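Let's walk through this structure together, one piece at a time. Keep the viewer open as you read.

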Amino acid sequence: MSLLSVENLHVTFSTPRGPVHAVDGVSFGVGAGEVLGIVGESGSGKSVTLRAIPKLLHANATVSGTVRWRGEDLHAMDDARLRAVRGGQVAVVFQEPMSALNPVLPIGVQIDEVLTAHTQFDAAARRKRGIELLGLVGIASAATRLGQFPHEFSGGMRQRAMIAIALAAAPALLLADEPTTALDVTIQDQILKLLLRLVGELGMALVLVTHDLGVVAETCDRVAVMYAGRLCETGTVHDVFLRPHHAYTHALLRSMPGEGAARSMLVPIPGQPPRIDAPVPGCAFAPRCTFTEARCATTRPALVAMADGHESACYAAARLGSEIAA
Amino acid sequence: MRLFKRLPAPLLLGLAILALMAAFAIAPGAFTPYDPLGFDFSALLAAPSLAHPFGTDQFGRDLLARSISATAIDLQIALFATIFPGLLGTLIGLLVGWYGGVVDALFGRLVDLVVTFPFLVLVIAIVAVLGPGLVNMYIAVTIVGWVFYARLMRSEVMVQKNGEYIAACKVLGYSTPRILFRHILPNAIRPVLVYAVTDMALAILLGSSLGYLGLGAQPPEAEWGVLIADGKNFFTTAPWIALFPGTVIVIAGLGFSLTGDGLADLLEVKR
Amino acid sequence: MSLLSVRGISKRFPARRGMVDMLRGRPKLAVHAVEQVSLEVFRGETLGIVGESGCGKSTLARCLVRLHEPDAGAIDFDGADVLGLAGPERRAFNRRVQMVFQDPYSSLNPRMTVGATLGEALMVHNVVPKAEIPRRVRELLDLVHLMENAAERYPHEFSGGQRQRIGIARALAVEPSLIIADEPVSALDVSVQAAIVNLFMELQDRLGLTLVFITHDLRLVKHMTHRVAVMYLGRIVEVGPTAEIFAAPRHPYTQALIRAVPQVKPGRRSGEAAVMGELPSPLNPPPGCAFHPRCPVATAACRETVPGLEARGGAWDVACLLAG
């Protein structure tokens with residue numbers, strides 16, 4: 001059974017310029033010990049989806065659909081129960097550790113707060129656990145570090161501290177929103193390896209939101225590709241990257257510099273990323289797609305199972321499959 | 001027509017008040033049958049009525065006519081008492097913000113010096129030295145008021161000069177005057193313009209205050225502050241003499257404030 | 001023959017000191033942004049400059065176009081000294097070396113139409129007679145694949161990718177022979193990046209441009225550059241032909257950097273991080289080789305001697321005592 005299951009999630013923001021449909025009917029599940037990547041470009045709704053799960057969106061967001069945590073409806077929980085789950089069993093790591101950490105409290109105090117809220121430890125046990133947690137995320141001389149403020153940490157160290165705080169209550173699911181986007185590539189590499197190690201050691205599930213296909217390829221078991229608030233394709237990373245069944249995934253993978261000869265022309269996706277203020281009747285990718293049929297512009301393709309948990313919402317799925325094979 | 005529909009209501013109200021004031025200033029005679037300076041000994045200190053909506057003063061002069069005829073001078077004060085310090089301050093702020101360093105440090109001390117004194121006290125002191133009258137009032141306001149514009153402009157220039165479009169200008173080999181006046185100035189002027197419009201409301205109050213104290217516009221020139229000063233001796237018996245010009249000042253100030261706030265939103269640069 | 005030759009330039013920025021630091025008599029600190037960098041850019045090539053944040057690649061780029069004045073060293077362009085130029089000669093240099101900026105949003109004047117922005121560059125440098133400016137603006141827009149009617153519009157009416165095209169058109173307006181592009185695609189979405197990269201390659205072939213491409217994206221460097229210079233903490237640690245360096249990097253940092261980039265190929269999941277440790281502070285760089293605290297093979301000598309950028313028995317230059 002899935003640890004977390006999201007069914008038909010919709011998020012609409014009311015803005016002065018009218019409603020914006022940021023997430024439009026997204027469904028997926030995550031099992032224990034699994035790493036799911038949610039990948040998409042800016043405006044794809046990937047971060048909103050992640051933040052909607054633990055009800056972290058602002059008041060101008062209207063959320064509908066079901067989010068089940070171990071079978072229990074997360075969005076129907078009362079506040080006390082929700083607080084116990086959020087931060088306890090489900091923890092979140094954000095892109096900007098500097099704004100997610102409280103700048104006027106030492107790191108140790110911030111870890112202590114989580115432990116006080118979610119465990120029965122006494123002060124001495126909490127301090128011991130704090131040192132343990134910093135060690136776990138690879139921060140040396142943890143006892144001294146506990147007394148330091150976020151501004152005394154480097155960018156990579158802050159992200160490690162964020163992760164330590166998230167892990168404080170031994171969560172079963174970690175939601176990570178672009179956790180390495182603000183970091184340098186060698187530091188990103190360290191943080192991703194750290195997350196993978198923690199998933200392995202603690203048996204945690206991880207949902208990783210990113211725009212970087214490379215991060216997904218090297219880190220995730222399964223991937224959900226989003227475009228304009230909709231789910232295009234889900235499946236194992238292996239299936240989706242090697243046999244994409246959605247024209248958008250196909251085009252995105254082809255646009256990356258990689259296998260082609262040096263200085264050969266890349267294959268860009270024509271047009272601009274969509275604006276999500278107006279709902280599209282057909283497939284949102286149709287205006288930029290090279291595989292369009294007449295129905296793409298008028299009828300929205302449903303997410304259809306292909307094989308072995310590989311699902312795609314694309315009328316050209318079969319044609320894409322044969323093109324890759326050829 | 002479509003432009004009007006898109007403007008917010010407060011800005012429209014502000015602009016309407018200013019338009020009415022402009023009309024009063026251009027053609028005061030079109031709005032009242034009375035001569036603002038004409039004595040009428042049959043209606044001394046007459047209370048507000050249909051014939052004299054604002055009442056009359058101790059010489060029987062119609063206060064509505066006097067308030068309307070005063071608009072020209074008060075509007076002139078509003079403009080001149082902001083344009084001169086505004087231009088001077090903008091120029092100084094532009095240069096100080098651009099060059100920074102020692103220039104900026106000196107500027108900072110100068111600003112400290114000027115803002116130590118309350119604005120009105122300093123202006124009054126300078127007018128007292130130069131002698132009463134509108135021209136001297138403009139000189140005094142310019143000497144003191146440029147500081148506020150320069151400060152605003154300086155901080156905005158500091159932000160703009162680090163924009164990459166300015167780096168692009170430098171790489172393209174553009175001259176410093178071109179970068180300052182064609183690129184930085186149009187992008188940095190917005191807060192100054194907004195402040196200037198709001199400042200016009202304060203300028204009217206200042207002009208009226210100085211007029212009241214006898215340092216600004218001189219009688220028999222009708223100026224709102226002078227009108228209030230005229231009425232102060234009759235405040236218990238004929239309160240309308242001071243009350244109505246006072247109300248006019250409040251409405252005029254409101255007009256400038258609403259316009260200023262509206263402009264602030266309107267001039268917001270689209271990114 | 002090299003078009004641009006950089007010899008030993010350094011640039012330091014004094015760090016802001018707080019009142020407390022001054023009272024305690026702490027020494028004045030400076031960020032060592034660029035230290036003793038020497039570099040050749042050859043006519044018609046694309047040179048990549050890569051490195052992580054704080055490595056000095058952007059400062060180096062800004063020194064090349066004289067947005068920053070280096071504290072030491074010399075820059076020659078086409079055989080003539082650049083740093084001494086002033087007045088009309090400097091303007092002539094500006095015509096030949098242009099820059100494309102990272103942020104497509106702040107690099108265009110928001111209050112000028114695209115036509116005015118391009119026209120101004122043409123006018124200031126008398127590129128074409130005044131009457132021909134509108135025609136030339138249309139040609140420039142066409143060159144970067146924008147619609148003709150873009151000239152009357154303002155920057156905010158364009159998407160990020162389109163704005164970057166406008167920035168490229170502005171640089172091309174003065175008909176330069178060298179373009180320094182500072183992270184020109186890193187602010188763009190993946191699906192838009194490819195089109196801008198293609199545009200650079202296309203323009204280079206069509207106009208015979210020389211390109212210095214500064215980026216942190218190793219995949220792009222590998223794809224589009226002829227040669228690459230790898231920077232770490234203000235210094236170049238390795239410079240040479242791109243294909244060869246990616247196939248067999250000689251400097252331990254280059255090796256780590258290449259290994260750290262996630263590949264868009266599923267299944268390569270090693271548990272080991274490519275390199276341990278944090279980037280040191282450029283305020284207080286480690287003595288000797290700046291990479292030694294993170295280097296898996298560092299020796300005692302690495303802690304003391306700053307390695308020079310030399311061939312060291314190989315086909316290209318590397319700044320590592322252990323290379324060879």
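**Starting from a strand pair in chain A**

Two bridges connect β10(A) with strand β12 (residues 310-312) of chain A, and the two run antiparallel. Strands pair here if DSSP finds at least two bridges between them. The names come from DSSP runs, numbered from the N terminus: helices are H or I runs of at least four residues, and strands are E runs of at least two. To find this pairing in the viewer, look for A:Thr234, whose bridge partner in β12(A) is A:Glu311.

A word on the model before going further. This is a predicted model, in which local features need pLDDT of at least 70 and side-chain atom pairs count only at pLDDT 80 or more, while totals for chains, interfaces and linings use all residues. Residues are numbered from 1 along each chain as its sequence is written, and chains are lettered from A and ligands numbered from 1 in the order in which they are written. The model scores ipTM 0.89 and pTM 0.88. Chain C averages a pLDDT (the predictor's confidence in each residue, from 0 to 100) of 92, with 98% of the residues scoring at least 70.

Back to β10(A), which also has a partner in strand β9 (residues 222-227) of chain A: six bridges join them, again antiparallel. How much of strand β10 is buried? Six of the seven residues in β10(A), which spans 230-236, are buried; that term needs 20 or more other C-beta atoms within 10 Å of a residue's own, while 12 or fewer makes it exposed and anything in between partly exposed, with C-beta atoms placed from the backbone.

Two arginines in chain A sit in loops. A:Arg86 lies between α2 (79-85) and β6 (90-93) of chain A, and it counts as buried because it has 21 C-beta neighbours inside 10 Å. A:Arg70 is found in the loop between β4 (61-69) and β5 (72-73) of chain A, and its 15 C-beta neighbours inside 10 Å are why it counts as partly exposed. The phi of A:Arg70 is positive, about 50 degrees, although this residue is not a glycine.

In chain B, follow helix α9 (residues 190-213): its 24 residues reach 34 Å from first C-alpha to last, close to the 34 Å expected at 1.5 Å a residue, where the expected span is 1.5 Å times one less than the number of residues. A kink of about 25 degrees is centred on B:Met200, the bend being the angle between axes fitted to the seven residues ending there and the seven starting there. Because 18 of its 24 residues are buried, α9(B) is largely enclosed by the rest of the structure. After α9(B) comes B:Gly214, with a positive phi near 80 degrees.

Finally, how do the chains meet? In chain B, 16 residues are in contact with 22 residues of chain C, contact meaning C-beta atoms, placed from the backbone, within 7 Å. On the chain B side, α7 (164-171) and α8 (176-188) each give two or more residues, and α7(B) gives the largest share, six residues. Chains A and B do not touch, their nearest C-alpha atoms being 13 Å apart.

How values were computed
Contact = placed C-beta atoms within 7 Å.
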